Amino acid sequence: MARRATSGGSAGDGGTGPSATTGAGPTGAVPERLLAEATRLFAERGYDRTSVQEIVEAAGVTKGALYHYFGSKDDLLHEIYGRVLRLQTERLDAIAARPTPVAERIAEAAADVVVTSIQNLDDTKIFFRSMHQLSPEKQKAVRAERRRYHETFRSLIEEGQRDGHFRPELRPDLVVDYFFGSVHHLGTWYHADGPLTAEQVAAEFSDLLLHSVRRP
């Protein structure tokens, strides 16, 4: 699985451990081991075919330790994606708040989400493949968190339109949906041993987005 990129965000660790560990999620050796092994097993076997017992044995802890930190296998799946989304949200908020031209900020934001997605590709692939297995409450929470990220990204498009830099006829919501559709598709074709680094893909995606929205 792809964990090749080393700049922007937390670097990956060969696909065996969590790479996005910022934010409000559980920290410390035990929860990190549980997340690392759950990510590895979910990627190798699938969420359905991985038992709690297999996760705790791989992590070298007891079921009691897992339930202390996560409560259920469902909570592990939620956290696998949640840590990535928190990382990306924190980075986008910082980029959006900078006093730089909006074109620079949207280009940086677009590149950043590509790099951080590739750095955590196992996590995002697992989640999109298994999201429907979360409880309705967790699905609703994830959608709300992801919507907030998209709204911040969309606000940059809208700012550029107000300033006269971006094409006024574009619908910002469709621009965001189109761009993130491509980002979410990375897991179907990107490989760490392929011809492109994460940074190269990020530069191409960012350039395509900027050229599509920029006013002639």
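Is helix 6 mostly covered or mostly uncovered, and how many of its 10 residues are buried? Helix 6 is mostly covered, with 7 of its 10 residues buried. The model is predicted: local features need pLDDT of at least 70, side-chain atom pairs count only at pLDDT 80 or more, and totals for chains, interfaces and linings use all residues. Residues are numbered from 1 along each chain as its sequence is written, and side-chain values use heavy atoms, with hydrogens and water left out.

Figure 1. The protein has 9 helices and 0 strands, where helices (H or I, at least four residues) and strands (E, at least two) are DSSP runs, numbered from the N terminus. Of its 216 residues, 49% count as buried; buried means under 20% relative accessible area, exposed over 50%, and partly exposed in between (1.4 Å probe, protein chains only). The accessible surface comes to about 10,300 Å², and 52% of this belongs to carbon and sulfur atoms. Such areas come from the Shrake-Rupley method with a 1.4 Å probe; for residues, only the protein chains shown count as cover. Among contacts with a separation of 6 or more, 71% are between residues 24 or more positions apart. Contact means heavy atoms within 4.5 Å.

**Figure 2. Close-up of helix 6.** The buried residues of helix 6 are L121, D122, D123, T124, I126, F127 and S130. They pack against helix 1 (29-45), helix 4, helix 5 and helix 7.

Figure 3. M131 is found in the loop between helix 6 and helix 7. This residue counts as buried because its relative accessibility is 9%. Leaving aside neighbours within four places in sequence, M131 is in contact with Q139, V142, R143 and R146. The C-alpha atoms of M131 and Y81 are separated by 9.3 Å, with the two residues 50 apart along the chain.

**Figure 4. Close-up of the largest nonpolar core.** A nonpolar core is a set of buried Ala, Val, Leu, Ile, Met, Phe, Trp, Tyr and Cys residues joined through side-chain atoms within 4.5 Å. In soluble globular proteins, nonpolar side chains tend to be buried together. The largest core here has 57 residues, of which L34, V114, F153 and F179 touch the most other members. Helix 5 gives the most to this core, with 9 residues. Not counting residues up to four places away in sequence, F153 touches L92, I106, A109, A110, V176, F179, F180 and L209.

Figure 5. The largest pocket has a volume of about 240 Å³. On a 1 Å grid over the protein atoms alone, a pocket is an open set of points where a 1.4 Å probe fits, with protein on both sides within 12 Å along at least five of seven lines; lining residues have an atom within 4 Å of a point. Grid points are joined across faces, edges and corners, and a volume is the space filled by probe spheres set on the points. The lining consists of R167, L170, L174, V175, Y178, F179, S182, F205, L208, L209, S212 and V213. The lining divides into 9 nonpolar, 2 polar and 1 charged; Ala, Val, Leu, Ile, Met, Phe, Trp, Tyr, Cys and Pro count as nonpolar, Asp, Glu, Lys and Arg as charged, and the others, Gly among them, as polar.

**Figure 6. Close-up of the second largest pocket.** The second largest pocket has a volume of about 200 Å³. Its lining has 18 residues, of which S117, T124, F128, V183 and H184 lie nearest the pocket centre. Two or more lining residues come from each of helix 4 (73-96), helix 5 (102-119), helix 6 (121-130), helix 7 (136-162) and helix 8. Helix 6 gives the largest share, 4 residues. The lining divides into 9 nonpolar, 7 polar and 2 charged.

Figure 7. S206 lies in helix 9 and is buried, with a relative accessible area of 8%. Its contacts, leaving aside neighbours within four places in sequence, are A107, A110 and A111. S206 and A111 are 95 residues apart in sequence and 5.3 Å apart in space, C-alpha to C-alpha.
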